[in-house]
Amino acid sequence: MPHLNRDDVELYYEVHGDGPALLLTHGYGSSSHMWAAQLEPFSKHFKLITWDMRGHGRTSSPSDVSLYSEPATVADMAALLDAVDAKTAIVGGLSLGGYMSLGFHLAHEQRTRALLIVDTGPGFKNDEAREGWNVRARTIGDRWESEGLTRLEKGSIEQRAARHTSAKGLALAARGMLAQRDARVINSLTDIHVPALVVVGANDEPFLKSTDYMAAKIPGAKKAVIPDAGHAANMDQPAIFNDVVLSFLREAGLTG
């Protein structure tokens with residue numbers, strides 16, 4: 001599978017199928033492995049692009065924390081679309097990947113055909129709440145450094161499915177990508193005017209309110225609750241998840 005060099009950072013990505021571009025981004029601590037159950041059904045209708053973010057999976061783990069950020073990740077996503085000759089794409093992801101997808105729309109509205117936001121929070125308007133999140137992100141980074149990759153053994157299902165090479169990269173990604181700097185993304189929700197599907201697992205309690213909020217704020221957004229599913233709804237209930245997403249994209253006239 002190919003790599004894309006971005007200023008000496010080697011981005012690992014995969015392309016499956018042909019048709020309209022669909023870019024899926026994994027959650028923090030996970031990798032493109034988490035989309036395994038989506039490859040076959042989605043690639044029948046789309047050029048499906050999955051990839052590993054900086055510090056994750058088979059992508060490079062640069063040693064400079066400044067190379068891990070929302071702008072760098074969004075730029076990586078745009079570069080991947082350029083690499084596969086996709087001027088526009090349906091853009092989506094899980095958790096941090098969903099947040100970065102919202103960031104991509106904010107930076108590249110004209111390149112975004114639709115949004116798939118899965119078990120994701122939109123960030124914080126309140127500075128104090130954001131700092132509380134960032135304290136948690138920094139603590140997560142510290143734990144990767146102290147525990148190493150053995151930490152994967154007690155991770156969530158999407159993290160246990162990942163194949164990482166650098167605990168240091170995951171630590172830096174927590175500090176530079178999981179941590180948030182401002183309220184730009186959450187404030188952009190009312191300016192989204194592309195088809196948007198907000199998905200959440202019924203058992204993903206920390207994200208139920210945030211997905212309600214996004215579904216209410218994004219004009220015309222659809223919301224789907226996946227039964228008997230937790231944070232990785234696409235892995236816990238892949239058949240239901242796949243049907244929900246494909247039905248949404250079909251109804252929006254976006255399938256190939």
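**A chat about helix α3 and beyond**

Guide: Let's start with a list. In α3, the buried residues are L96, G97, G98, Y99, M100, S101, L102, G103, F104 and H105. Bear in mind that this is a predicted model.

Visitor: How many of the 12 residues of α3 is that?
Guide: It is 10 of the 12, and α3 is mostly covered.

Visitor: And what span should α3 have?
Guide: Helix α3 runs over residues 96-107, and at 1.5 Å a residue its 12 residues should span 16 Å. The C-alpha atoms at its ends are 16 Å apart, so the two agree.

Visitor: Back to L102. What does it touch?
Guide: Leaving out residues up to four places away in sequence, L102 touches L115, I117, P122, V185, L189, I192 and M214.

Visitor: Which residues touch the most other members in the largest nonpolar core?
Guide: Y28, W51, L102, L115 and W144 do, out of 52 residues in that core. Helix α6, residues 167-178, gives the largest share of this core, with 8 residues.

Visitor: New topic. Where is G220?
Guide: G220 sits in the loop between α8 (208-217) and β8 (222-226).

Visitor: Why does G220 count as exposed?
Guide: Because its relative accessibility is 67%, and the cut-off for exposed is over 50%.

Visitor: And how many Å apart are G220 and P62?
Guide: They are 40 Å apart in space, C-alpha to C-alpha, and 158 residues apart in sequence.

Definitions and conventions: Residues are numbered from 1 along each chain as its sequence is written. This is a predicted model: local features need pLDDT of at least 70, side-chain atom pairs count only at pLDDT 80 or more; totals for chains, interfaces and linings use all residues. Side-chain values use heavy atoms; hydrogens and water are left out. Helices (H or I, at least four residues) and strands (E, at least two) are DSSP runs, numbered from the N terminus. Buried means under 20% relative accessible area, exposed over 50%, partly exposed in between (1.4 Å probe, protein chains only). A nonpolar core is a set of buried Ala, Val, Leu, Ile, Met, Phe, Trp, Tyr and Cys residues joined through side-chain atoms within 4.5 Å. Contact means heavy atoms within 4.5 Å. The expected span of a helix is 1.5 Å times one less than its number of residues.
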